[in-house]
Amino acid sequence: MSLRTFKKAIGVVAVAGALGLALAGTAQAADLKLAMSSPPTSMDPHFYNLFSNINVSEHIFDSLTKMDPDSRIIPGLAESWKLVNNLTWEFKIRKGVKFHDGSELTAEDVIWSLDRPATIQNSPGKFDVYTKAIVNKKIIDKHTIQLTTNQPYPLMLNDLTSIFIVQKKATQGLSSDDFAQGKGMVGTGPFKFVSYARDDRVELVRNNDYWGAKPAWDKVTLRFIPNPATRLAALLSGDVQAIENVPTPDLPKVRQDPKLSFFSKISHRVIYLYFDAKRDKSPYVTTKEGAPLDKNPLKDARVRNAISMAINRQGIKDRLMEGLSEPTNNLVPPTLFGYNPNLKTVKYDPEAAKKLLADAGFPNGFGVTLHTPNNRYVNDEKIAQTIAQNLTRIGIATKVEGMPMATYSSKGIKHEWSFGLLGWGAQTGEVSSPLRALLACEDSKKGFGTTNWGEYCNPKMDVVLEKALSTVDDNERSKLLQEATAIAINDGGIVPIHQQVTTWATQKGIVYVPRTDERTYAHNFKPQ
């Protein structure tokens with residue numbers, strides 16, 4: 001978050017408003033059935049920093065600070081904040097906010113929620129990356145807390161958007177698995193939890209005591225339909241009233257259908273490739289004939305950059321994504337803080353890629369398996385298949401293995417893959433998010449490398465990043481973040497493919513405000 005944005009946000013007070021809307025003439029006007037493309041892997045809002053988990057949690061739980069549709073900081077459960085000194089932030093918690101069981105939110109619940117992520121066991125991606133900087137927490141009174149860092153930390157407001165506030169009484173002593181049974185599902189959010197059927201649905205009812213704008217819907221069913229064609233069929237048949245991630249082959253049909261409305265927005269999610277950059281021998285790297293390879297070519301930056309040059313990003317946009325992607329060599333879109341305009345999209349150049357491979361000692365190429373989720377991102381497995389074809393043409397014989405995200409992530413976090421496709425949304429609204437999570441050397445004490453599945457490590461980049469994280473001056477911090485990004489990208493730490501464009505479709509008469517962060521919120525669908 002820039003200092004300029006902070007100065008604007010610091011004086012903002014969120015105003016609650018009632019919608020009280022209904023669809024005239026519709027038998028179930030107060031109910032919304034919404035089809036989402038990925039099911040949550042856990043209902044514990046602190047277990048796994050995964051988009052599909054977060055998206056469901058935000059219906060039930062709130063955070064101290066929030067993001068508006070353009071990823072700008074706005075008040076959440078904290079109605080205001082100030083810097084007491086360079087190291088201490090003070091937050092005023094809204095008075096009168098109630099948990100779903102009717103009890104009042106207090107500072108004790110907030111401190112408990114800030115402490116809890118660090119205690120979670122066996123998480124594939126912990127939320128404590130957003131609390132590591134806090135070295136002291138102090139309750140001033142029932143509705144005031146102070147958070148202290150050991151050095152100036154300009155990302156405090158950004159990081160707190162990712163920590164959900166749970167009720168201490170309801171969650172003490174629970175395991176993460178208990179939440180799937182409904183235990184601990186006591187939040188302050190716009191909807192109350194009713195039931196959860198794994199991989200199928202979550203049922204919610206409106207929280208009539210919500211402190212913010214009241215949802216238009218009495219009851220909401222979040223359906224999880226990973227198959228794009230099935231998801232669209234559910235919308236067309238009326239089984240659901242809204243969907244996310246419209247299948248790209250059907251975009252023209254959806255846009256032209258008078259019974260439907262279409263919404264889209266470029267997101268802050270980058271789709272990228274990661275590599276096993278640590279092991280001398282990598283399990284899924286072979287000769288072209290399939291025999292084990294004694295030397296891991298993916299450790300060589302020239303090989304990683306050759307792979308980048310071999311990818312036809314524009315072809316993926318035009319032929320696979322129906323224009324709904326933006327090829328990139330950055331980690332965030334141009335609208336986000338820290339974007340580096342000097343990192344131009346890598347030109348598709350198979351011949352130059354072959355030369356780089358030869359320079360690295362692999363003139364005849366090698367074999368590799370590209371692992372990918374097949375139910376998480378728009379056309380994820382199809383993108384992987386296209387990249388495999390591109391790489392095979394330069395001599396890297398590439399096989400693709402796709403699987404559900406739950407299976408993929410549980411193995412990826414253990415560094416079981418040699419080469420994979422993944423996506424990352426900069427949920428804090430600036431480039432420090434992917435730099436810390438994806439590219440910094442793994443360091444649990446600092447909260448670095450939480451999703452660094454390739455174990456890439458460049459100490460030079462880490463030094464620049466750490467300096468940026470403690471620099472308050474906007475211009476200087478932006479330069480440092482741009483420098484850190486350039487170091488990692490030019491070294492082939494990961495290979496960005498494109499920024500994903502997110503799409504939604506609804507039955508006519510229902511509108512949605514598209515979001516940069518790709519979130520699909522039932523409470524943001526409204527009858528016209």
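Biologist: Hi! Is Val-254 buried or exposed?
Modeller: Val-254 is buried, with a relative accessible area of 2%. Buried means under 20% relative accessible area, exposed over 50% and partly exposed in between, with a 1.4 Å probe and protein chains only. This is a predicted model, where local features need pLDDT of at least 70, side-chain atom pairs count only at pLDDT 80 or more, and totals for chains, interfaces and linings use all residues. Residues are numbered from 1 along each chain as its sequence is written, and side-chain values use heavy atoms, leaving out hydrogens and water.

Biologist: Which helix does Val-254 lie in?
Modeller: Helix H7, residues 251–256. Helices (H or I, at least four residues) and strands (E, at least two) are DSSP runs, numbered from the N terminus.

Biologist: And what does Val-254 touch?
Modeller: Not counting residues up to four places away in sequence, Val-254 touches Leu-232, Val-246, Leu-260, Phe-262 and Ala-505. Contact means heavy atoms within 4.5 Å.

Biologist: New topic! In what order do the four strands of the open sheet come?
Modeller: The order is E5-E6-E8-E7, with antiparallel pairing. Two strands pair if DSSP finds at least two bridges between them.

Biologist: Which are the edge strands?
Modeller: Strand E5 (78–85) and strand E7 (134–141), as each pairs on one side only.

Biologist: How many bridges do E5 and E6 pair over?
Modeller: Six, in the antiparallel sense, and E6 covers residues 88–93. Asn-85 stands opposite Thr-88 in E6.

Biologist: Which helix packs on the sheet?
Modeller: Helix H3 (residues 107–115), which touches E6, E7 and strand E8 (144–149).

Technical notes: Axes are lines fitted to C-alpha atoms, for helices over the stretch in contact, and angles run from 0 to 180 degrees between N-to-C directions.
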